[in-house]
Amino acid sequence: MNKTIAILVLLLGASACSDDFDPGSLVTKTRVLAVQADTPFALPGQEVHLSALVYDPEDRALTWAWGECEAVESTAAVDCLRQTSFESLKIGPDLTTHTLTVPNVSTRYAGVVVIACPGTVEAGTTQTIPIVCRDAAGNALPLSEFEIGLKRIFLRDSSLNMNPQIDGLTIAGVDWSADLVPSALCKDDACSEFADQEIVVRADGASEQSVDAAGLPIKEQSVIQFYATGGEFEDDFKLASAGDMKWHAKREDAGKRIEFWFVVRDDRGGVSWIERSLQVP
């Protein structure tokens, strides 16, 4: 495994994919895309404030649940949730944020799990996890129909980590500000095909200089994840040092407004994001 692939596996977690499935960058169902902690490194007793980036294509009212676990060597959210009792969950509508008081534990991480349910969250069992998500008709949904995310807070007594900085964003060479909704470029007058559009996320300051446990200097590695509700990226992610990405609309996107998210992650728990929109003719 080369260095670049090893870094991506570390930051994003190992995954399997097939040509039979949509790419991870295509958002077609309820998704927890990221969870940010205002303090990725923290001390026992310290308050850490978290916020979730979540999308639901049907814009349904979501019920949220947040829980905490201690032994989080696993990066799987379900493993954290299996250690969490239903009674300890904080549940309610519009709970896109959560405050954790870091426990005094001997592990390297404190874990926070977040659930986004398009319905109600109840006690019960869904594929070995201690909750049930029911839709408006009262049907218990499978795990594939609601979303669970995990955020690990690094427990450190001295070193610090800030969330990565996003310096700017361009599309087709033009600054893509939050109030700009560009139109997808067509290959011909009839828009029978769409041209590749060059998107550049500038995150030169995403990788901090720091020191390791032995006091030796190190530099973080950071990646950019690309998400959209339509079209196709040339890849799902890139190293932050090479933040250029091509995207093009597809015929089935005609007439739609496409939502985009650009998420920057470092390998020490930091995460930041920006959101944008684009109109397909």
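Predicted model: local features only at pLDDT ≥ 70, side-chain atom pairs only at ≥ 80, totals over all residues.
Strands here are DSSP runs of E, at least two residues long, numbered from the N terminus. Two strands pair if DSSP finds at least two bridges between them.

Residues are numbered from 1 along each chain as its sequence is written, and side-chain values use heavy atoms, with hydrogens and water left out.

Inside the sheet, strand β4 (residues 63–69) runs antiparallel to strand β7 (residues 109–117), and seven bridges join them. C69 faces G111 in β7.

## T63 in strand β4

T63 belongs to strand β4. Its relative accessibility is 14%, so T63 counts as buried. Buried means under 20% relative accessible area, exposed means over 50%, and partly exposed lies in between (1.4 Å probe, protein chains only).

What does T63 touch, leaving out residues up to four places away in sequence? The list is I91, G92, I115, A116, C117, G119, T120 and V121. Contact means heavy atoms within 4.5 Å. With G119 there is also a specific atom pair: the backbone oxygen of G119 lies 2.4 Å from a polar atom of the T63 side chain.

## An antiparallel sheet

Strand β11 (residues 168–171) and strand β13 (residues 197–202) run antiparallel and are joined by four bridges. I171 stands opposite I199 in β13.

## Salt bridges

Side chains of opposite charge can pair when their charged atoms come close. The structure holds 12 salt bridges. Each is a side-chain nitrogen of Lys or Arg within 4 Å of a carboxyl oxygen of Asp or Glu.

One of them joins R134 and E122, with the closest N and O atoms 2.8 Å apart. R134 lies in strand β9 (residues 132–134) and E122 in strand β8 (residues 120–122), so this pair ties together parts 12 residues apart in sequence. R134 is partly exposed at 27% relative accessibility. E122 is partly exposed too, at 30%.

E193 forms a salt bridge with K187, and their closest N and O atoms are 4.0 Å apart. K187 counts as exposed, at 56%.

The side chains of K250 and E232 also meet in a salt bridge, at 3.7 Å from N to O. This pair links distant parts of the chain, 18 residues apart: K250 sits in the loop between β19 (244–248) and β20 (257–266), and E232 in strand β17. K250 is partly exposed at 31% relative accessibility, and E232 is partly exposed at 34%.

Salt bridges with shared partners join D56, E58 and R60 into one network.

Notes
Polar contact = N/O pair within 3.5 Å; in protein donor to acceptor, adjacent residues only side chain to side chain.
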